[in-house]
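The following note sets out numbered points on the structure shown below. Please read each point against the coordinates.

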2 protein chains.
Amino acid sequence: MTRSAFLTIRMPPTGMPITLCMPVLAALAALAAFASLTTGCAAPKAASDPSAAAATASGLPSDLPSRLPSWRPGPTRDAIVAFVDRVSDPASPDFVPEGERLAVFDNDGTLWAERPFYFQLAFAIDRVRKLAPDRPEWRTQEPFRSAIEGDLDGLAASGEHGLLELVMATHAGMDSEAFAEEVEAWTSEATHPTLGRRYIECLYAPMLELLELLRSRGFTVAICSGGGTEFLRVLAEDLYGVPPELVVGSRIEMVYVPDGEPRIERRPAIAFVNDKTTKPIGIFERFGRRPILAVGNSDGDFAMLEWTTAGAGPRLGVLLHHTDADREFAYDRTSPVGRLDRGLDEADDRGWLLIDMAEDWDRVFAERSN
Amino acid sequence: MTRSAFLTIRMPPTGMPITLCMPVLAALAALAAFASLTTGCAAPKAASDPSAAAATASGLPSDLPSRLPSWRPGPTRDAIVAFVDRVSDPASPDFVPEGERLAVFDNDGTLWAERPFYFQLAFAIDRVRKLAPDRPEWRTQEPFRSAIEGDLDGLAASGEHGLLELVMATHAGMDSEAFAEEVEAWTSEATHPTLGRRYIECLYAPMLELLELLRSRGFTVAICSGGGTEFLRVLAEDLYGVPPELVVGSRIEMVYVPDGEPRIERRPAIAFVNDKTTKPIGIFERFGRRPILAVGNSDGDFAMLEWTTAGAGPRLGVLLHHTDADREFAYDRTSPVGRLDRGLDEADDRGWLLIDMAEDWDRVFAERSN
């Protein structure tokens, strides 16, 4: 159940790049230093998107654009609006009954940022530091020593096995309620290393508006992430209005413990990795149906979009292309985190919509009141 | 992932009983002939149920009893009504917010009958017979030969491995949509061997009324069954008004196949058995929360009730006791299918409600219009 990805990490003190192989386990495997990650620049977006033209051609009147204020007017916004209109308007020939209006969104890089590394990895490292006083043996034991000392060189050198140990030590061995408390406490304070805001303030305003628009039109809006299900469930209702039962992610093994206070405990083993070709499985196991709308940002979402758009009836696949080095990050074909390569090549032919962050979004990050 | 149960089967041609050991795999493992299964008779139900008294004591006014017309007036019905009232009435001190009002129901023996064998096993046997013309090798190969010839002796003799083969051959090797068509075609015609009605007419009217009552009070009503998830999903919306995303069951391995028409294929391996102590896991993985109401009928539901009722706040566990040999079946402590032993012993102390089918239900089976 593990897969590997190659990452190049440039270590802050020396600037020396190293290449390592690591698992995409529970979306915790991408580890990269800050300096090396603004790779690749967006290819210019085609002026006339065929799927956008087709969708707009449905010609349905709509008040929906006004509910996407962070989106700039243009073919991308119009194509999304036209799709939502034609599947939710009972008078439309493409009308889809409400119970079948399932939309799935990737999380890292789609609903919130994912650079310079997945936020859940930052949680794991911070958690090691928090637990360290009770685990004196960690001071000399990798990968814990490196995590405690903020030594990314050492963390990288511990390789796949070391990172797995890091995940298990920080995400297991407690019941689900205790784990949720840990995640909540962390997110209330933890701050993004370069964006100058807390991680939970790195949410994309245009996407939050889209989630709300979809729900107002009778869609079930679910998250389908490579990240850990329980990690995301703690946050998704507050951040995205997505309740726990609509969060599909990777899973750790769990076991029922009847003794004492009957509870479910988390065990140090991966039960399911929800990434790439297993995203369709994760969705189908949960909902028993194929979505009609899938939104992602990397080749890890390719199979999810492919499966979604291959079904009968009206369907839409959407990829967010990170093209905005000024306001967020610009990366695609060569990025170790959120690589978008095959998706860029095939989106047009498949009728998938490409969101160009720099061009299509008037505002990137949502404001947060607490 | 396999567990064993002992079954005594009396074979129709000879009447000779045999004992066998078999897995409870995807709820297909209970195999028993008709004659030997009306074992055990119900212990008389305690006149004053402490949990019923406590619940009724909430004293909330209610129009709910009129919506349970197939239930006889009495402490069982009153306790259920009082619980529903006190968690869904905003003025109640025990009010539970709507999103947390999760109710889980076992299926076999709780929502529909399970004797003389689980209905899904009847489907598997019938499906072997249907596929047989294209599989001439099955004529001499166990357990298929026995299934084709209706030879329950032979089927039993093939043991655990043989029954596993039967499940795999009939539930895998096709995509999910093709499997759903098979199940639909079968249920439209297949008839229960002793009750004189189709399997899909063996639903309990009082339980259907309870599902509807709960939904009208803002409950999410889910099924948590040892049976196969995909088998149940085909039926649950039509039979119970429960959509696919609210069906939790055992699962076969699935794999995403992108070639040709991208699809999810079913593989001949068990991914998850949702029974006994894994029922809490199945529920938690799906919903990310603990139910407040759990309804079952056998010791296979014990952990589900135990976990449900151990949480904080108002909670209710309910067991249906099959005491009605005249209208349905009477069985409990020694039954190979749906054994209820520990549950009978501990229900009172745990404050769980016991439904006495013969006493508490005015009508057993629901009428069906098609």
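1. Val255(A) stands opposite Glu265(A) in β6(A). The strand in question, β6 (residues 263-272) of chain A, runs antiparallel to β5(A) and is joined to it by six bridges; two strands are taken to pair if DSSP finds at least two bridges between them. β5(A) and β6(A) form a hairpin with five residues between them, and Gly260(A) in the turn has a positive phi of about 65°. Helices (H or I, at least four residues) and strands (E, at least two) are DSSP runs, numbered from the N terminus.

2. On the basis of the note: this is a predicted model, in which local features need pLDDT of at least 70 and side-chain atom pairs count only at pLDDT 80 or more, while totals for chains, interfaces and linings use all residues. Residues are numbered from 1 along each chain as its sequence is written, and chains are lettered from A and ligands numbered from 1 in the order in which they are written.

3. Chain A contains 13 helices and nine strands. Of its 370 residues, 50% are buried, where buried requires 20 or more other C-beta atoms within 10 Å of the residue's own, exposed 12 or fewer, and partly exposed a count in between, with C-beta atoms placed from the backbone. Among the contacts in chain A with a separation of 6 or more, 67% link residues 24 or more positions apart; a contact requires C-beta atoms, placed from the backbone, within 7 Å.

4. How are the two chains related? Chain A superposes on chain B by a rotation of 180° with 0.0 Å of shift along the axis, at an RMSD of 0.0 Å. That is the relation of a two-fold axis. The C-alpha of chain A nearest the axis belongs to Arg286(A), at 3.3 Å. The superposition is by least squares on the C-alpha atoms of residues with pLDDT of at least 70 in both copies.

5. The contact between the chains takes 27 residues from chain A and 27 residues from chain B. On the side of chain A, the elements that give two or more residues are β5 (247-257), α10 (279-287) and α11 (302-310), with the largest share, six residues, coming from α10(A). By class this side has 15 nonpolar, four polar and eight charged residues; Ala, Val, Leu, Ile, Met, Phe, Trp, Tyr, Cys and Pro count as nonpolar, Asp, Glu, Lys and Arg as charged, and the others, Gly among them, as polar. The copies meet through the same surface, because 100% of the interface residues of chain A are also interface residues in chain B.

6. In chain B, strand β7 (residues 293-296) is covered on both faces: Leu293(B) and Val295(B) on one side, and Ala294(B) and Gly296(B) on the other, are all buried. Strand β3 (residues 102-105) of chain B pairs with β7(B) in the parallel sense over three bridges, and Val104(B) stands opposite Ala294(B). β7(B) also runs parallel to strand β8 (residues 316-321) of chain B, to which four bridges join it; here Ala294(B) stands opposite Gly317(B).

7. β7(B), helix α11 (residues 302-310) of chain B and β8(B) make a right-handed β-α-β unit. Right-handed is used where, with the strands pointing away from the viewer, the path from the first strand over the helix to the second runs clockwise.

8. Ile80(B) lies in helix α2 (residues 75-88) of chain B and counts as buried because it has 27 C-beta neighbours inside 10 Å. Ile80(B) and Leu316(B) are 236 residues apart in sequence, with 8.5 Å between their C-alpha atoms.

9. The peptide bond from Glu142(A) to Pro143(A) is cis, with omega near 5°, and the bond from Glu142(B) to Pro143(B) is cis with omega near 5°. Lys276(A), a residue other than glycine, has a positive phi near 55°; Lys276(A) is placed in the loop between β6 and α10 of chain A and counts as partly exposed, with 18 C-beta neighbours inside 10 Å. For Lys276(B), phi is likewise positive, near 55°.

Conventions: Contact = placed C-beta atoms within 7 Å.
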